[in-house]
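Subject: Two-chain model for you to look over

Hello,

Here is the model I said I would pass on. Please open it first, then read my notes below.

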Amino acid sequence: MSDSPTSTETLVLLLTQHQEPLFRYIFSLVPREADARDILQETSLALYRKFAEYDTTRPFLPWAYRFAYLQVQKHREKSARSPLLFSEDVMDLLASERSHIEPRLDERLRLLDACLQKLTAQDQELVTSRYAMRQSAEEMMARFSLSRRTLFRNLELLRQRLHECVTHQLQAEGFA
Amino acid sequence: MNLDSLIHAEIDGEITPEQHARLEDLLRADWQARKRYLELVDQHARLLQQPTVNTGRLQSAALKRPTRRWLPALTAAAAVIVCAFILWPQHATETEATSNGVAMLSQTMDAKFTNTLRSGDTLKPGTIQLTQGLAQIEFFSGATALIEGGAEIEILSAWEARCLSGRVRVHVPPAAKGFLMHAPGMKLEDLGTEFALNVKDNTSAVHVFEGEVIAHTDTQTPASLKQGMSLSSAKVSTVTPQDFLPISELHGLVKQRDTHRFADWQQWSLTACKDPRLIAYYTFKHLEDDRWDRLVKNVTEPRHAQRDGGAVGAAWTQGRWPEKTALEFKRPGDRVRLNLDGTYQALTLACWVKVDSVDKKYNSLLLTDGYDNGEPHWQIYEDGSLMFSVMYRPAEVAKNAKYNQMYFSKPVFTADSLGRWHHLAVTYDNTSGTVIQYFDGQPVGHEISPLHQPGRDIVFGPCEIGNWGLPTQGHQFPIRNLNGAIDEFAIFSTVLNAAEISTLYNHGKPD
């Protein structure tokens, strides 16, 4: 039995399993969904090309993050003119500090589900429309009869409230 | 736009280039801002990634309700933050300290007061209720009163007091001649003497042990009481010297208590030194067999002899108890040299110190030589606050730029706390960046520096207790020596929680 199908299978499994944390990592450096998804694609390809170098006895994510970081830097160079990308020093800080607080971030997400259920019906509808149905700003403005400004203000307050709820839960559990 | 609004604008794609630049500046400057950004962005990424979280559970019809009903909650949170800033002054006490004290509580034995009083406290005019134990009050006039609980004493001035109930023994040296003691039914004017008062059910009895007292009573003309004489305000009285408080009692009991406390601490310390979290632990025991007289032994078990300290200048003196030794730091050269190897992710520093005066801008507790990356400095700042700092200088910052993380407690060394033994502690971990400072087992500061970045190592290397830095040849060095004494110092490689700090305090407190 040759090694390559097995290793491809292994990679597919690992990627499927770790797609979500990888996306979150990339998104923390390039917080725009379309760009982050592109970078995730490029990262998956790079991982595939270099998978022979992966030491299966070591955790996958730290290894994958290194590739993701390189792809983020490539993306930065490609669109160096964009005024909406973080500078390298800030990205470095965010990437290194994120790795230190990652267990805490995971802990927060565990509590996020419960907090989503505590939202008012109106907030829940906003979440569904924005995140599940992926409606555009224009669609949402029409649906909720809101101005653009008010819509984004409502989204901001909604996410703030979720963040606050999670923080309270953490404090209640004695983690904060 | 504040930080949060900028973050939300960023993730909604609604941010302008100017706002983006502003956000970047905020993130570059402050770890707390980056932490907040990482949390909010991660939450958003999760919502984007897991639509099933929402579609499965969150399909409910729209309810048209005003959406702002939780705004007050946010406003309240903001108000709390504002209050925290107002109520947590970093630098206070700009005016010269004054005191309206007229006496001090010089010694106590198992004493319980209805108000919180401690041995060494300065007393203002007012009533003291001692529910149990013994207490000695030294009036600034020179008169001394020994009180046995339960007793109620009203201090009127340095020259005058009133006994409302209980047993009191008063000693008045010649300098305090004229000291007045009021009691129900009588007023005692002291002509330099020692006498005792027993006040019970609003009836007073006095006995003179030595010297002379003029007793003014409601019914009689002033009477001169001499040695061995007694007087009672009761109509029928039989008073004997045994009804009065013997002076020998307090001193004997205090001595006994000190011996017990010291033995208890020694016992506890023998177990504490085995804590594997200890990097080093110094109990400042003066070793009689140390020919050079300069060894400050690291007593951790298993033994780490290379972490022993060496005293320079500092002289041996009495510690918390008569049988405990300490090192006294007085002169600019006094110090204890240490060399602590290793790199650490967290630390706890804890010590027992008697500060005689906060007389320099920085007063050293433990400082590393120089001030390189990852090195902690622990000092008392000129305003009496505890000051902890860690240096992390980014490569691109100029050598002389201030780039250390600094943390101040509220001021703890005030006129009242000088010259007494206190327990100080500080904890720091390099992930959260939280620094908590403790004074006598109680938290007095809780801060995260905006310059914090998680994951940076802590190192000590060559360092010293009670002073700062080896002078290099031909250079002036800042004078930062501690003015006081230290008799216990522990350095841990982890953060001890509040309960553990409190345990350290309780096992080591002098009385």
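Predicted model: local features only at pLDDT ≥ 70, side-chain atom pairs only at ≥ 80, totals over all residues.

Chain A has seven helices and zero strands. Read along the sequence, its pattern is α-α-α-α-α-α-α. It has 176 residues, and 26% of them count as buried. Take the contacts in chain A between residues at least 6 apart in sequence: 64% of these join residues at least 24 apart.

Chain B has seven helices too, along with 26 strands. Of its 511 residues, 38% count as buried. Among contacts in chain B with a separation of 6 or more, 56% come from residues 24 or more positions apart.

**The interface**

**Helix 3 of chain A**

Start with its length. Helix 3 of chain A covers residues 60–78, which is 19 residues. At 1.5 Å a residue it should span 27 Å. Its end C-alpha atoms are 27 Å apart, so expectation and model agree.

Which residues of helix 3 of chain A are buried? They are A:F60, A:A64, A:Y65, A:A68, A:Q71, A:V72 and A:H75. Seen down the helix axis, these buried residues fall within an arc of 125°, so they line one face of helix 3 of chain A. On the other side of this helix, A:P62 and A:E77 are exposed.

**Helix 1 of chain B**

Helix 1 (residues 3–11) of chain B packs against helix 3 (residues 31–49) of chain B at an angle of about 35°. Their axes are 10 Å apart. The crossing of these two helices is right-handed. From helix 1 of chain B, the residues in the contact are B:L3, B:I7 and B:I11. They meet B:A33, B:R36, B:Y37, B:L40, B:V41 and B:H44 in helix 3 of chain B. The residues of this contact divide into seven nonpolar, one polar and one charged.

B:G13 follows helix 1 of chain B. The phi of B:G13 is positive, near 70°.

**Backbone points in chain B**

Two peptide bonds to look at:

- The bond from B:G149 to B:G150 is cis, with omega near 0°. B:G150 sits in strand 4 (residues 144–157) of chain B.
- The bond from B:E301 to B:P302 is cis, with omega near 0°. B:P302 sits in the loop between strand 12 (295–296) and strand 13 (309–312) of chain B.

Two phi values to look at:

- B:D110 has a phi near 50°, a positive value in a residue other than glycine. B:D110 lies in strand 1 (residues 103–113) of chain B. Why does B:D110 count as exposed? It has 12 C-beta neighbours inside 10 Å, and a residue counts as exposed at 12 or fewer.
- B:D201 also has a positive phi, near 50°, and is a residue other than glycine. B:D201 is found in the loop between strand 7 (186–200) and strand 8 (203–217) of chain B. B:D201 is exposed, with 7 other C-beta atoms within 10 Å.

Best wishes

Technical notes
Residues numbered from 1 in each chain as written. Chains lettered and ligands numbered in written order. Helix = DSSP H or I, 4+ residues; strand = E, 2+ residues; numbered from the N terminus. Expected span 1.5 Å × (residues − 1). Buried ≥ 20, exposed ≤ 12 C-beta atoms within 10 Å, placed from the backbone. Arc of directions from axis to C-beta. Axes fitted to C-alpha atoms, helices over the stretch in contact; angles between N-to-C directions. Left-handed = near helix turned anticlockwise from the far one by under 90°. Contact = placed C-beta atoms within 7 Å. Nonpolar A, V, L, I, M, F, W, Y, C, P; charged D, E, K, R; others polar.
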